[in-house]
Amino acid sequence: MYDIRQFKPALYLVLLLGITGFALAVETPAMWVLAVAVIGVQAWLVNTGRFRPLPRVIANLITLAALLYTFQAIRGNAGGTPIILIGQFLVFLQLVKLFELRANRDYAQLLVLSLLLMVAGAISTPSLTFGVLLVAYLFISLYVCLLFHLKIENDHALAAQTLPRERLNEATVKQDQRYLPRSMRKLAGLVSFAAIAMAILVFLFFPRGTGAGMFGQLQLQRPAMTGFSDQVSFTSITNISQNNEIVANIQVWKNDRLVEGTETLLLRGRTLDHYDRDLQKWESDPRKTDRIDTIAGVEIDLYHPPVNTSGDQYRQRISLRYTGTQALFALAGPYRFIPARSAGKIEFFPEDETLFTAEQPAARYDYEVISRNVSIQPNPVQ
């Protein structure tokens, strides 16, 4: 029996991975720098023996104030989508919890908060880099959980030990210290291998096609989707109900003059110009197009060569919520696109002047489009 010295460094690594993953998902480097600095200060205080736990009353008051602020921000639609605001609250909660560490339950709460933060990051991004980080996080967090379980049992054994610690067999203690890390790594590897094997079996043998809905009666039914859709079918008709949920925030400038919210805006998302007789539904006719890389704040000309843009100019600043589609809405005649942040590739179809993301966005999508509000005929290619 001895102190599990590997636990705290591994715990710090898991916390850093969780915060790094979330910051990568929502693209907030400032939050990452602040969180890493606070964790570094706390680790230095613990290592030098200067750490004093924060009183519970003060920690609870700080947490309550942060919770109220997050609730107000969500209600006011300020600072991002609810999942991003909740993730930022989880980061703050971890930092507060670090400075009130007293017992094993505080470590358990930190591990749970870190896992919830990675879940929030997974919801917010389809990034491959985040996926790689998530895989590393899962294996390391498993190792930390095993160490934590061993730490709890070791603490209970030490509390029940009647023999003074200085009379314990030093050779036995040193042997445990030498072999424990290797045995824990083997155990974590064995559990990980079993988990991966079970995941592969589930992926291969559980139906994902026609038979995937065999338990549909036991699942919660999603509400009917109203409004915009990628296709229209006359064989499945559902009730259309009133829905006051905000789907986008839009500002429009006509010739650099802000347009008041008294005019009707007709935004184009997708053109359903192909009817499938077999499936009896209208959908978009697949067309070939070039995919365009986006860079945050950099204007992209959608036509090559550029078209005649004389006449009225409409600049639209759009903050689009999750719609379940890849469509990017804009006024007719778009010819320039400016993303608020790097968002992979976009697709532009000059035949019907529609914009799409190459991958379906999982969170808010901020961008600007400059249009003429009338159809544009591109210059003929020489």
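Analyst: **A hairpin, its sheet and some ring pairs**

Let's start at a turn: strands S2 and S3 make a hairpin with two residues between them, and Asn255 in that turn has a positive phi of about 55 degrees. Strands here are DSSP runs of E with at least two residues, numbered from the N terminus. Before we go on, please note that this is a predicted model, in which local features need pLDDT of at least 70 and side-chain atom pairs count only at pLDDT 80 or more, while totals for chains, interfaces and linings use all residues. Residues are numbered from 1 along each chain as its sequence is written, and side-chain values use heavy atoms, with hydrogens and water left out.

Lys254 has Arg257 in S3 as its bridge partner. S2 (residues 248-254) also runs antiparallel to S8 (residues 314-320), joined to it by seven bridges. There, Ser319 in S8 is the residue opposite Asn249.

From S8 the pairing carries on to S13, again antiparallel and over seven bridges, with Gln316 partnered by Val369 in S13. Put together, the strands form an open sheet of six with antiparallel pairing, in the order S3-S2-S8-S13-S10-S7. S3 and S7 (300-301) are the edge strands; each has a single partner strand, so one side of each is left without a neighbour in the sheet.

Now for the rings. A search of the whole structure finds seven aromatic pairs. Rings of Phe, Tyr and Trp (its six-membered ring) pair if their centres lie within 6.5 Å, and planes under 30 degrees apart count as stacked, over 60 as edge-to-face and the rest as tilted. One of the pairs is Phe337 with Tyr367: it is stacked because the centres are 5.6 Å apart and the planes are at 25 degrees. Phe337 belongs to strand S10 (residues 334-339) and Tyr367 to strand S13 (residues 365-371), 30 residues apart, and the pair thus links distant parts of the chain. Both Phe337 and Tyr367 are buried, meaning under 20% relative accessible area (1.4 Å probe, protein chains only).

Phe349 and Phe356 form an edge-to-face pair, because their planes are at 75 degrees, with ring centres 5.3 Å apart. Phe349 counts as buried at 9% relative accessibility, and Phe356 is buried with a relative accessible area of 5%. Elsewhere, ring pairs link Phe7, Tyr107 and Phe148 into a cluster.

Conventions:
Helices (H or I, at least four residues) and strands (E, at least two) are DSSP runs, numbered from the N terminus. Buried means under 20% relative accessible area, exposed over 50%, partly exposed in between (1.4 Å probe, protein chains only). Two strands pair if DSSP finds at least two bridges between them.
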